[in-house]
Amino acid sequence: MSDEEAKLSAMSLEDGTTPAAAASTEASTAAPAEGGGDGAGDGEPKLSKKQMKKLAKGKGKEKKEKPIWNQPGEGKKKKQNDDKAALSLPKAADFVNLTPKGHKKDLSTQPMADAYHPAAVESAWQDWWEASGYYSCDPSFAMGKPDSEKFVMVIPPPNVTGSLHLGHALTAAVEDTLTRWHRMLGHATLYVPGTDHAGIATQSVVEKMIMKESNLTRHDLGREEFVKKVWEWKAEYGNRITTQLRRLGSSVDWSRERFTMDEMCSRAVIEAFNRFHEDGLLYRAERLGNWSCALKSAISDIEVDYVDLEGRTFLEVKTHKGNPADAKGRYEFGVLTSFAYPIEGLEGERLIVATTRLETMLGDTAVAIHPEDSRYKHLHGKFVIHPFNGRRIPIVCDAELVDMTFGTGAVKITPAHDPNDYECGKRHNLEFITILTPDGAINHNGSQFEGMMRYDARIAVEQELVKLGLYVGKEPNKMRLGLCSRSGDILEPMITPQWYVNCTGMAKRSTDAVRNGELKIVPAEHEKTWFQWLDNIRDWCVSRQLWWGHQIPAWFATKKGETGMSKMDMNNNDRWVVARNEEDAIAKAESLLGCSREELVLERDEDVLDTWFSSGLFPFSVMGWPEQTDDLKAFYPTSLLETGLDILFFWVARMVMMGLQLTDKLPFHTVYLHAMVRDKDGRKMSKSLGNVIDPLEVISGCTLETLLAKLDAGNLPAKEVARAKKDQEADFPDGIPECGSDALRFGLLAYTVQGRDVNLDMKRVVGYRLFCNKLWNATRFALQFVSDFQPTPNILDELMTSGKMAIRDKFMISRLMACCETVNDCFANYKFGDAQQAAHAYWMNDVCDVYLELIKPVVYNTSDENRDNRWAAQATLWVAIEAGLRILHPMMPFVTEELWQRLPGRGTLGDSEPQSIMLCRYPECNDAYKNLECEESMRITMNIVRACRSLRQQYNIANMALAQFFVRTVSGQPEDAVKSQTDDIITLGKASRVDINCDEGSIPKSVGIVVVDEATAVLMDIKGLVDYAAEIEKLEKQLVKTIGPMQQLEARMAAPGYEGNVSDELKATNIERLDALKKKIADVEDAIANFKNLAALEEAG
């Protein structure tokens, strides 16, 4: 062997060890390769191939094994060590990126590192891709393409207030994978980024900031100055999300980035509001709706979270100072309080009612009874007297509301603060008395309780009723509380004037689109929820009592000197003018009031639009609508909407409704809903649990101290911080290792094979970090094989028609074609987890475990006689690596670009050679290049190789020792396969020679045997390879160690009282354990006898 051959032979796929010869997952599991070739490279923990593949497949948890072969506790200790190794990747030396921003990385000056380091690999590429304009798409190019060759998608705009979490990272991984795939297919591809102004969240953040910095409220500043502060905050802090998206490798067209309050989007919002009004769909009305006292704003029905109380429960209310009667300041909920109303004109007679919200009795305007309730026939037409203000309250008969069998059969009616009472109030033309101020205090209608916060008033009302002798009692009562999803505040039903959009017609068009197949929802199981919500839709309350957002383009018009014209009075609703700008409003108001501009007084509505209003326009507002721009013509409708299923109605349904109404087109033809990302214990990732992980913490790594400090800097209560810290310390004892963007993306995509929820275990992401290292070192190793190889632009076709390919070469190309077919099909059908697994298996099994090992002796042999075989092996390897990198690129953009740029021949393949892997054609299957016969031959061969390895392991054959094997097999394909691939069996089985179906007399007696299947058996001559005395000594020591525990267990089971005092479960466990120990002893004794017999045969021979 030459010096160069020796160097190659000693080199590892994984730096520092000899390449593993395992052929597949099964091979490495059943019989590990002697070479131990699956360390993770320089400095990486040497995880076994089994550990790597278990991590990659989500099998990081060790299967519980009965302590048969190990000492007690060893299995548990091994699991702990495995877990620690899986999450303990030492950080490389700090990397300094020397590539000028926007320039292509010059790899000719950077030798290929001995191991994969994410920071170094992922540097510079994103800036270069972006600066080169690779993410953009010319409208004229897109207009020349049919719909089947266009792919357009808008990003679900994240809130500008925060940073992306791992749920967003899953969205980015899925969306960018699809985008890069379509771009590589040659489609006109556009992926539009943007952020949402997030009205409530942003206003809250800035309000807290100015209070902390200046001790001022927004009202102290005034609206104009406050909004200016928000824009300043956005300019300073609003770019964190774009940084995260760039680190994740998202190939969005940054030149088209939009913000939902920028000029283009704002123009679309004003136009949409006006068109809805002109079409008779938008109106202003006073209705009962959800009111957040914390936000002092109306909230839509789908922004309500519900909590069910089983009975009496004490809860903290953040907007209150605290209940002095409770040690923790909490307020009582989940009780039904009964009290009596005195009946007018009937001395001593009372009517008892009950309520879960006692403070609302301050706004009671009726008591309802059932008209057929004989107990109250004499009360028809009578009144009760309110105990605090003397108001006469009518007793009304209402068969629709009252169940005479429930409670006392009398129901208090508060039309202004209860949905059922609201309808009753309308039926009986009752007075609607609002008792709360916008912040949840009792207003002037609350008698002596005015100024108290609502739950403080609840306590005070009860105390006063006791004093008046009208308090009856209270009892636990199941109830459901509505909470504001934005603030966590307990919502109040309140009557307020708001702007509404009639959604009935739009909702029907949206459900019809799904029913007739125009709009596809994936997975289809979510169609039921789509229909359920849209078929029962209510009108949409689009106004919010905020300052940050799109101010409603409506003006209240009066004449100078005109009095008594309140904009809050619904009788003056006709004075509201909806317009596109103030000039337009003035013209409309002049016509409405028949007066001159000088006489006119216009007051713009202070409210803003629901954030989801502008988000609902996003697919076409970002293209310039309502203007008929080139972008709108070329890229709308878009192709796909990909998002989390949790905003199916918040955003997706509204986009569909608004798109159909305003453009008469569906905004996209497919909705793909990915799973929710939860922590490994299945809990939703939320700030309140302290389990939110920033993608950058996974990409760059994060110390435990940093994770804990982040919890301290948050707003969690001390008790929650302590719990969250305990969880973090358990999950990440050494922090989060640096995994890189590629590993994070690849790991997240793996989870999409599951159902609704993703329980993200960080060990699995680390497993893909190790796969990146495997990919890196496999390519580095392969580059040594093709260092003197020159590819051509049509190398695959030339190879397939050369007539020089061996079975192993044809097998490799056939497996490549199978992978291309599978991955393309999976991407087309949104099966990202299956695509990821197919690409992973191709690299791990077909390329690394089989082909790279098979061609070693072929490439080492540089003789003239071997020239054709060597060229075919090199060409096949180059094609397999190059195409394999292209297959992976949409999922792992950075490492594939870096490795692709390092392949030999780069820059020599003609004018049409792409500058970047992302501009290459995506590999597609050529059925003519499939070869199932060669794949079957390789399957047979690899089964024999596994048998060879099993025998070597069974007899502890030294790694460098070559053994002679004998193969018995039936004639036909099995025999043909073995004969045609004998060299491959010698290579992977570490054989000195392999004899096939030789005479029985030529097979020595000292052999080990493995039956492969009904057609094939493999025998190994062990003469001179085994130190029988040493093996017998080791087994005898093991026998002694096993007999002791068996005898101890037998003694315990025979002890007095065992039968009567030990549980049946433990007895069964002990019996199972005893049987296992006895079997082990028998197996060891058989092995000792076998070695003694073999030693005798060898000595006799």
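1. N215 is found in the loop between α9 (199-214) and α10 (218-221). The model under discussion is predicted. N215 has a positive phi of about 55° although this residue is not a glycine. With a relative accessible area of 60%, N215 is exposed, since the cut-off for that class is over 50%.

2. K296 also calls for a look at the backbone. The residue is not a glycine, yet its phi is positive, at about 55°. K296 lies in the loop between β5 (282-292) and β6 (297-299). Its relative accessibility is 36%, and K296 therefore counts as partly exposed.

3. A cis peptide bond joins W625 and P626, with omega of about 15°. P626 belongs to the loop between α20 (618-621) and α21 (630-635). A cis peptide bond also joins Y636 and P637, and here omega is about 0°. P637 sits in the loop between α21 and β26 (640-644).

4. The axes of helix α34 (residues 932-954) and helix α35 (residues 973-980) come within 9 Å and cross at roughly 75°. On the α34 side, the contact is made by E933, E936, S937, I940, T941 and I944. On the α35 side, Q973, P974, A977, V978 and S980 take part.

5. Is S916 buried or exposed? S916 is placed in the loop between α33 (893-901) and α34. Its relative accessibility is 0%, so S916 counts as buried; the limit for that class is under 20%. Leaving aside residues up to four places away in sequence, S916 touches W128, W129, Y134, E897, W900 and Q901. One of these, E897, is 19 residues from S916 along the chain, and the C-alpha atoms of the two are separated by 7.0 Å.

6. S132 occupies the loop between α6 (125-131) and α7 (139-143). With a relative accessibility of 31%, S132 counts as partly exposed. The C-alpha atoms of S132 and G363 are separated by 67 Å, and these residues are 231 apart along the chain.

7. A1095 is found in helix α39 (residues 1064-1100). The relative accessible area of A1095 is 22%, so this residue is partly exposed; the limit for a buried residue is under 20%. Which distance separates A1095 and A1029 in space? Their C-alpha atoms are 8.4 Å apart, whereas in sequence the two residues are 66 apart.

8. The overall dimensions and secondary structure may be noted next. Along its principal axes, the C-alpha trace of the chain spans about 125 × 90 × 55 Å. The chain contains 39 helices and 33 strands.

9. Contacts and burial can be read together for the whole chain. Of the 1101 residues, 54% are buried. Among contacts between residues at least 6 apart in sequence, 77% join residues at least 24 apart.

10. Surface and charge complete the note. The chain exposes about 48000 Å², and carbon and sulfur atoms supply 49% of this area. The chain carries 132 positive and 161 negative charges, and the mean positions of these two sets are 3 Å apart.

Methods
Residues numbered from 1 in each chain as written. Predicted model: local features only at pLDDT ≥ 70, side-chain atom pairs only at ≥ 80, totals over all residues. Heavy atoms only, no water. Helix = DSSP H or I, 4+ residues; strand = E, 2+ residues; numbered from the N terminus. Buried < 20%, exposed > 50% of the residue type's maximum accessible area, 1.4 Å probe, protein only. Contact = heavy atoms within 4.5 Å. Areas by Shrake-Rupley, 256 points an atom, 1.4 Å probe, with all protein chains shown as cover. Lys, Arg positive; Asp, Glu negative; His and termini not counted. Charge placed at Lys NZ, Arg CZ, Asp CG, Glu CD. Axes fitted to C-alpha atoms, helices over the stretch in contact; angles between N-to-C directions.
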